[in-house]
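Here are a few friendly notes to read alongside the picture. Take them one at a time, and keep the structure open as you go.

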Amino acid sequence: MAPTGHTHEAWAESAAEALSRAGYRRGGARAAVLEQLDAQACALTAYEIEAALRGRGRAVGRASVYRVLEELHELGVVTKVELGQGQARYEPNRAEHHHHHLVCDRCGAVVPFDDEPLERAIAAISRKVDFEVSEHEIVLHGACADCRA
Ligand SMILES: [Zn+2]
Ligand SMILES: [Zn+2]
């Protein structure tokens with residue numbers, strides 16, 4: 001578990017260090033993508049990340065956005081989320097902000113949720129079946145309140 005007081009800056013910092021250790025240069029596209037990920041509350045597609053960068057006046061080419069996201073995913077500092085929408089989404093891997101996703105299959109909305117009893121249930125299953133769970137991902141599909149109205 002992350003110590004209390006762990007901040008957003010700590011994620012960006014450790015992600016930048018992981019890139020340096022792996023021999024990647026800091027700056028340019030990598031710095032812009034890290035900054036964008038750090039500002040995200042949840043997972044976005046590479047296309048949405050590219051658009052957000054453009055909106056912040058930090059335009060980065062699509063190929064570079066994809067390349068940097070894959071580098072960060074391989075280094076384990078970014079989680080790649082497959083929500084059954086045909087496009088992977090990416091979000092910072094923050095131990096202290098662990099969450100899961102609700103997906104509206106009508107409008108495509110993605111909403112994060114977290115639930116302590118659910119986490120405890122996964123730990124209990126891990127003990128019961130004697131399996132060391134290194135990561136888990138829960139996606140609930142359905143219809144959001146707007147789409148049901
Ligand atoms: Zn998320
Ligand atoms: Zn919806």
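1. How are the donor residues of the zinc ion (ligand 2) spaced in sequence? The pattern reads C-x2-C-x36-C-x2-C. Please keep in mind throughout that this is a predicted model.

2. Now find the zinc site itself. The zinc ion (ligand 2) has C104, C107, C144 and C147 as its protein donors, each through its SG atom, at 2.3 Å. The angles that the four donor atoms subtend around the zinc ion run from 105 to 118°, which makes the arrangement tetrahedral. For that label, all angles have to lie between 85 and 135 degrees.

3. Step back to the whole chain. Its secondary structure comes to six helices and six strands. Reading from the N terminus, the order of elements is α-α-β-α-α-β-β-β-β-α-β-α. The C-alpha atoms fill a box of roughly 45 × 40 × 25 Å along the principal axes.

4. How much of the chain is buried? Of its 149 residues, 32% count as buried. The accessible surface comes to about 9100 Å², and 51% of that belongs to carbon and sulfur atoms. Among contacts between residues at least 6 apart in sequence, 53% join residues at least 24 apart.

5. The buried residues in α2 include V33, L34 and L37, along with R30 and D38.

6. Finish with helix α3 (residues 46-55), whose buried residues are A46, I49, E50 and L53. They cover an arc of only 100° around the axis, which puts them on the same side of α3. What do these buried residues pack against? Their partners are α2, β1 (44-45), α4 (62-74) and β3 (89-92). After α3 comes G57, with a positive phi near 75°.

Terms used: Residues numbered from 1 in each chain as written. Chains lettered and ligands numbered in written order. Predicted model: local features only at pLDDT ≥ 70, side-chain atom pairs only at ≥ 80, totals over all residues. Heavy atoms only, no water. Donors = N, O, S within 2.8 Å, 3.2 Å for Na, K, Ca; no water. Tetrahedral: all angles 85-135°; square planar, octahedral: opposite > 155°, others 65-115°. Buried < 20%, exposed > 50% of the residue type's maximum accessible area, 1.4 Å probe, protein only. Helix = DSSP H or I, 4+ residues; strand = E, 2+ residues; numbered from the N terminus. Contact = heavy atoms within 4.5 Å. Areas by Shrake-Rupley, 256 points an atom, 1.4 Å probe, with all protein chains shown as cover. Arc of directions from axis to C-beta.
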